[in-house]
Amino acid sequence: MAAPKTPDPNGTSNTGSTGSSSTATAAERRLLARLSLPERTFVLDALRAETVGGVLLLLAAIAALIWANTPLSESYESVRHFHIGPSALGLNLSIQHWAADGLLAIFFFVAGIELKREMVAGELRDPKAAALPVVAALCGMIAPALVYVVVNTTGGGSLDGWAVPTATDIAFALAVLAVIGTSLPSALRAFLLTLAVVDDLFAILIIAVFFTSDLNFAALGGAVAGLVLFWFLLHKGVRGWYVYVPIALAIWGLMYNSGVHATIAGVAMGLMLRCSRREGEDHSPGEHIEHMVRPLSAGFAVPMFALFSAGVAVSGGAMRDVFTQPETLGVVLGLVLGKTFGIFGGTWLTARFTRAKLNEDLAWADLFAVATLAGIGFTVSLLIGELAFEGNTELTDEVKAAVLVGSFLAALLATVLLKLRVRKYQAMVEAEERDEDMSGIPDVYEVDDPDHHRRLADIYERKAAEHRRRAEEAGAARENGSSPA
């Protein structure tokens with residue numbers, strides 16, 4: 001059996017065909033064309049980890065809701081408001097605060113690495129290819145914000161929560177796919193992942209610009225100095241977690257005390273890692289660190305944040321308020337309608353003005369279904385909800401309930417739409433993964449490789465010889481009046 005061919009560090013493959021998007025002319029460029037083999041491998045590995053994390057996130061959210069709506073609710077409030085940490089360093093925080101500002105910094109650190117990798121080796125490195133997810137993500141954030149603003153302007157509500165419905169939770173979306181048993185073709189999965197990465201970038205900018213309190217310039221200067229030291233050590237090739245973890249913790253603490261949201265420290269450090277491969281490297285430092293840290297982020301940090309943030313009281317009256325108060329109604333409609341039509345509209349506009357054609361194996365209905373799935377805005381939406389209505393506990397909990405309801409409705413609608421196309425997706429996934437020559441590389445990536453066809457010819461010749469032998473045995477047995485062995 002031939003050994004799989006190794007992708008080169010620049011993101012190309014020596015397997016022959018790598019998808020129509022890389023060689024097509026501008027007039028023939030396809031939206032959501034087949035991924036190159038290295039990109040497909042990376043996407044599948046990343047989404048596999050996110051799917052597991054998404055299931056844990058879903059379980060944590062359910063546990064939080066049960067804990068907050070049973071006779072144990074008092075213990076839930078006691079635990080999440082329990083303070084711990086050194087007061088002298090300004091870090092005597094509640095458990096809920098540690099989860100939101102501390103653990104989510106790990107999530108944003110991974111998001112920063114993902115963004116850096118997409119820009120140097122992924123879909124965002126090519127401006128033409130990047131146009132689709134960037135425009136789709138931007139429209140997918142503007143539209144929900146506009147929906148929220150319109151609802152609250154006409155209803156007399158607060159405009160402070162305009163950013164709450166703008167975020168997409170990739171892990172939760174993948175958990176929904178896992179639960180309903182639907183596997184999307186790799187092009188759609190890559191679109192969803194890249195969309196979420198760009199979405200995270202805009203969410204980071206929103207948090208940094210609109211939710212920064214009074215600045216402590218001394219602490220901010222210390223954080224910047226720490227980031228410079230972090231970059232310098234990386235640039236010099238210094239290795240060892242025992243060097244970087246203490247520096248990262250110091251940067252995080254200084255950033256928290258500066259008034260800038262502490263998760264920005266995680267993003268900044270993630271963006272500093274090198275994500276391009278050099279000669280002789282199987283993985284870049286950024287990819288290696290992401291591979292190590294992603295399980296901690298997806299398997300612990302984000303679920304723990306959900307456990308201490310998603311626990312809101314759910315009752316008939318609370319559910320009624322979600323659909324009657326302008327702030328909460330704006331969040332629900334922003335997630336379900338704003339996200340869907342924003343992303344779908346942005347994708348259609350990209351195709352319209354770039355004259356790019358949709359992959360012939362897909363239909364616009366598939367884009368609409370994925371856009372609906374992107375309306376699941378759990379983790380970052382909950383975080384922004386806490387920041388937007390800080391100090392108003394009642395409204396914060398109501399907005400959190402609206403995020404849960406909106407995400408649930410988006411998931412339900414996406415489930416219906418995706419199930420309508422499930423057989424089509426199954427056939428596409430099967431075709432993508434078929435490896436008849438048993439080379440370890442899907443056949444669709446080897447159509448221009450002579451060795452691929454020679455391997456298939458050998459396999460078919462052996463099968464033909466076996467069937468000829470069986471035919472001769474069957475014929476001889478029939479002449480002798482006996483059954484073949």
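The backbone oxygen of serine 309 lies 3.1 Å from a polar atom of the side chain of lysine 400, a polar contact being a pair of N or O atoms within 3.5 Å in which, within protein, one must be able to donate a hydrogen and the other to accept it, with residues adjacent in sequence counting only if both atoms are side-chain atoms. The model is predicted, so that local features need pLDDT of at least 70 and side-chain atom pairs count only at pLDDT 80 or more, whereas totals for chains, interfaces and linings use all residues. Residues are numbered from 1 along each chain as its sequence is written, and side-chain values use heavy atoms, with hydrogens and water left out.

Lysine 400 is placed in helix 15; helices (H or I, at least four residues) and strands (E, at least two) are DSSP runs, numbered from the N terminus. With a relative accessible area of 3%, lysine 400 is buried, where buried means under 20% relative accessible area, exposed over 50% and partly exposed in between (1.4 Å probe, protein chains only). Apart from residues up to four places away in sequence, lysine 400 touches Arg80, Gln96, Ser309, Val312, Leu382 and Glu386, contact meaning heavy atoms within 4.5 Å. With glutamate 386, lysine 400 forms a salt bridge whose closest N and O atoms are 3.0 Å apart; a salt bridge is a side-chain nitrogen of Lys or Arg within 4 Å of a carboxyl oxygen of Asp or Glu. Glutamate 386 lies in helix 14 (residues 379-388) and lysine 400 in helix 15 (residues 393-420), so the pair ties together parts that are 14 residues apart in sequence. Glutamate 386 also counts as buried, at 14% relative accessibility.

In the whole structure, 14 salt bridges are found. One of them joins the side chains of glutamate 118 and arginine 117, at 3.7 Å from N to O. Both glutamate 118 and arginine 117 are buried, and a network of salt bridges links Arg117, Glu118, Arg277 and Glu287. Another salt bridge is formed by arginine 470 with glutamate 466, with 3.1 Å between the closest N and O atoms. These two residues are 4 residues apart in helix 17 (residues 450-479), and are therefore separated by about one helical turn. Glutamate 466 is partly exposed, at 28% relative accessibility.

A pair of aromatic rings is described by the distance of the centres and the angle of the planes. The search of the whole structure gives 11 aromatic pairs; rings of Phe, Tyr and Trp (its six-membered ring) pair if their centres lie within 6.5 Å, and planes under 30 degrees apart count as stacked, over 60 as edge-to-face and the rest as tilted. Tryptophan 98 and tryptophan 252 form a stacked pair, because their ring centres are 5.4 Å apart and their planes are at 20°. This pair links distant parts of the chain, 154 residues apart, with tryptophan 98 in helix 3 (residues 95-120) and tryptophan 252 in helix 8 (residues 241-258). Tryptophan 98 is partly exposed at 23% relative accessibility, whereas tryptophan 252 is buried, with a relative accessible area of 10%.

An edge-to-face pair is formed by phenylalanine 344 and tryptophan 364, with 5.9 Å from centre to centre and 80° between the planes. Phenylalanine 344 belongs to helix 12 (residues 326-354) and tryptophan 364 to helix 13 (residues 364-373), so parts 20 residues apart in sequence are tied together by the pair. Phenylalanine 344 is partly exposed at 21% relative accessibility, and tryptophan 364 is partly exposed at 29%. Together with Phe341 and Phe368, these residues form one aromatic cluster.

The largest nonpolar core has 109 residues, of which Phe108, Val331, Leu373, Ile376, Phe378, Leu383 and Leu418 touch the most other members. A nonpolar core is a set of buried Ala, Val, Leu, Ile, Met, Phe, Trp, Tyr and Cys residues joined through side-chain atoms within 4.5 Å. Helix 6 (residues 186-210) contributes the largest share of this core, 13 residues. Another core, of 6 residues, lies apart from it and includes Leu91, Leu93, Ala105 and Trp252.

Helix 5 (residues 170-180) is mostly covered, with 9 of its 11 residues buried. Among the buried residues of helix 5 are Ile170, Phe172, Leu174 and Ile180. The N-terminal end of helix 5 is capped by aspartate 169, a side-chain oxygen of which lies 3.0 Å from the backbone nitrogen of phenylalanine 172.
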